[in-house]
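This report describes selected features of the structure shown below.

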Amino acid sequence: MASSREAQFQQDIIAAMAKGGWLTGAASGYDRASALYTEDLLGYVQDAWPERWKQFCKANPQAPERAFIQRTVRELEKAGTLEVLRHGFKVPGIKFDLCSFQPDHGMNPESLARYRANRLRVVPEVSYSPHASEKGAAKSYNPRLDLVLFVNGIPTATLELKSQFKQTVENAKRQYRTDRPLKDPVTRKAEPLLTFKRGALVHFAVSQAEVAMTTRLAGKDTFFLPFNRGTEDDGAGNPPPANPGDYATAYLWEDVFAPEAWLKVLGRFLHLEKKPVEDFHGRRSTKETLTFPRYHQWEAVNKLVQATLQEGPGQRYLVQHSAGSGKSNSIAWAAHQLASLYTDGGARLFNSVIVVTDRTVLDSQLQDTIYQFEHAHGVVRPITRDLGSQSKSEQLADALASNTRIIIVTIQTFPALFDALDKRPALAEGSYAVIADEAHSSQTGSSATKLKALLAAAGEDEEGEADDVSAEAMLGAAVAARRPSERISYYAFTATPKAKTLELFGRPRDPSLPASADNKPEPFHLYAMRQAIEEGFILDVLQNYVTYNTAWRLAHPDGDEYEVDAKKASRTLARWVRLHPYNIAQRVEVIVEHYRENVRHLLDGQAKAMVVTASRQEAVRYQLAMREYVQAQGYADVHPMVAFSGSVAEDEVIPEEVTETSRLLNPDLNGRDLAQAFDTDDYNVMIAANKFQTGFDQPKLCAMYVDKKLQNVDCVQTLSRLNRLFPGKETFILDFYNDEDDILDAFAPYYRRAELADVSDPNVVFDLQRSLDASGIYYGEEVEHFAHAFFDPKAPASSLSYYCQPAQDRFKQRYRFALEQLETWQDARDTAEQNGDDKGLKRAGTCQPDSDRSLKINVDFAAVWLAADSVGKFTTLYGAGSSSSGCTGLIETLAGGIATVGRPWLNRSGCASKRSSRARWRTCAMV
């Protein structure tokens, strides 16, 4: 019969890797003390560097192998695994490289021969601790890893595997955290294989459904990142396998672990990052992070490079990656790899790669990252300011003339690229790659005038008072204004592409046909907002979004029926909403009181808020009114600042012409940049007029008060200022101006979950009192397919999960709906009770039976398995023992699936957890 055990899963992975070119080995070949597979280390050096090995043997005639292993261990402990793999080490008179990465071109046959000499080996069941033997007779400590991946004898990755029919990927994570200590519990000596930087570079928790990874084990504090492809509807997780012979996570060992791909990850992706961090209490320190690409980053960069090689210069690529996707790293990897491409004739494909961004962090990040790859300076040249008498435009022309591999320019300097190409014919003969980062830059004065003139000339429609100009807009303007070039490739990275960006840089779904209404342009690669939120990289800013109209109705419960997430809104608003916003002064009172009561205390008193206004004049009036109100109330904990460009003339409220640096408005600025000042305790409320609404990253920003019409991409970019993570952060949006339907419509193209507000028909929920065969969770034909696979000795183990997937999906969908329906009823009942509405209570009661029973059925179905001690007990409880043996097998397998599907919806006690939903529910009681 097909096995559902972990051992079969392990063997399937090993067999696939061996077929792909990996060597397999016994755990006995692993040396615990050195954490090396010594046979491969010595074998590679002798094959790749025979002459150098002879020199080393002459210098160490007694025991050259032992001496070389000792020197390798010393370098690993001193420099780290990644540094040793990339750059080797030196002994007196000899330089050893311990890994040969694929050459950029095939012009050097010796380099190709060394590349082919690499030994990649997968070893199962590795008992890795050198301290296990020190226990004598009480050999209770002998931890073992399911798989370890070695490159030339040096450990690069470890894997803990879990069969989803018994355990989930969370169990693998837990095993790393609790059963894989970094130090021997008795001797307190370090485990070399697991030590950060010295041991394996990455650790994977793998099930048949999901993958997670970490580059630093830290006991119970180990933090795992998802390494999943994303579902077919752009959520977290993986799509189901295409056929019964595959696993949903096969991409890991078939694609990422493919020898050429894995060596590329080690050589051109992994890098050690050092950056300042701030803890919950504002204490700053330097954090070392070994950065391993997330799956979407790895896939996007590889696809861009492969497509560029196949298509050559002159193409356009749109990468739509949500906030929280790690675009800075993706751009750095893409820039370096594009700059390293060569033609078949050995010439560089691009003379230069130009990165257009105003992220200052990208300058140093690119330089540091590329130095780790190549140990070479001068590869990256940032042009961000004038040097002496040489302007930025002149610096750019010189960098192009000297074929600098990577050039970083600001948005303001970018138009000079085309001036240089037009004025210097020699430069125009070269080929170039232009990478545009979506980061926005606030431009003022003549800079803003020039950039907006270029945008207007190219037909880019910018808001009248908007001061934020993006590289995406500038790139679109440049492409629209110039005739197509076979020498310039464009790569646009953005989270929220505008329609014109899609039109210019997107690709039709069917490339063989022209773009049309039925063949619309699409991004070259997508990492959606929904997946970023579900994977925990950004916050869901719509989770606590409410309009002022909703808030007012909550405070006046005699209104008509309306749609609202009632319990959430009443809890946060009903205590303070008592005013209707007839003027700025009243809105200021609402904002200040809400901020003081609900926001200011968050993040240990560091929480900040933003007020979004429609014009500079309105922003100034808000600032004056807020300062007046705060002073009148004697509040010492609200410190507003106002941000806008240009100046505002005096009027009946504003006593004199002002700018954002005027002491009348921001007296404590003291010459500081507004963004930097806002990051201090001097300010905690920012009133903004068409500024800082895009490209502004302030993780402590928790609340937003909107008094401006927001629509389309501007709406998404503005509200997304709240989505950055910070420990303990919650978000809240109070909107005085917009309608909730318009907000959801704006988010829909970028955030697929916004389309899921409508739920399924309640009649599809099954009845627990009926037998499992009649429950509707699985169908008869699925049982037949499963039974054939279960009793077929030749059937692959993956076929079990394949035939169970539809039933698991049905369970998850129905369970989610039941929870949402029950929450709706509870909200309606609680609201009616709060308002003393007897009629409302009766109406709410009419919703209770179906929703409560549906939820109980689904909770019981999952909870019974969670409480069962064995599959036999599970089947007995459901009377499945009398069913066909094929059905019994399906129950066993489905039970394992419920561990994956059901647990996210249950709390630790096995009870249904109430999850707040962004969808708006039509309550059964009037609020």
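## Salt bridges and burial

At 6% relative accessibility, Lys 691 is classed as buried, where buried means under 20% relative accessible area, exposed over 50% and partly exposed in between (1.4 Å probe, protein chains only). The model is predicted: local features need pLDDT of at least 70, side-chain atom pairs count only at pLDDT 80 or more, and totals for chains, interfaces and linings use all residues. Residues are numbered from 1 along each chain as its sequence is written, and side-chain values use heavy atoms, with hydrogens and water left out.

Lys 691 forms a salt bridge with Glu 660, a term that denotes a side-chain nitrogen of Lys or Arg within 4 Å of a carboxyl oxygen of Asp or Glu. Glu 660 lies in the loop between β25 (640-643) and α25 (674-678), and Lys 691 in the loop between β26 (685-689) and β27 (701-707), so the pair ties together parts that are 31 residues apart in sequence. Glu 660 is also buried, at a relative accessible area of 14%. Helices (H or I, at least four residues) and strands (E, at least two) are DSSP runs, numbered from the N terminus.

| Pair | Distance, N to O |
|---|---|
| Glu 660 – Lys 691 | 3.0 Å |
| Asp 682 – Arg 672 | 2.9 Å |
| Lys 303 – Glu 299 | 3.7 Å |

Asp 682 is partly exposed, with a relative accessible area of 36%, and Arg 672 is partly exposed at 27%. Lys 303 and Glu 299 are four residues apart in helix α10 (residues 295-311), and are thus separated by about one helical turn. Glu 39, Asp 40, Asp 47, Arg 119 and Arg 121 are linked in a salt-bridge network.

## Sheet and cores

An open sheet of mixed pairing is formed by seven strands in the order β1-β4-β5-β6-β7-β8-β9; strands pair if DSSP finds at least two bridges between them. Within the sheet, β7 (residues 202-207) and β8 (residues 211-214) pair in the antiparallel sense over four bridges, and Phe 204 stands opposite Met 213 in β8.

Phe 204 is also among the residues with the most contacts inside the largest nonpolar core, which has 93 residues. Such a core is a set of buried Ala, Val, Leu, Ile, Met, Phe, Trp, Tyr and Cys residues joined through side-chain atoms within 4.5 Å. Apart from this core lies another, of 40 residues, among them Val 590 and Tyr 705.

## Helix α28

Residues buried in α28 include Val 783, Phe 786 and Phe 790, while the face turned away from the buried side carries the exposed residues Glu 781 and His 788.
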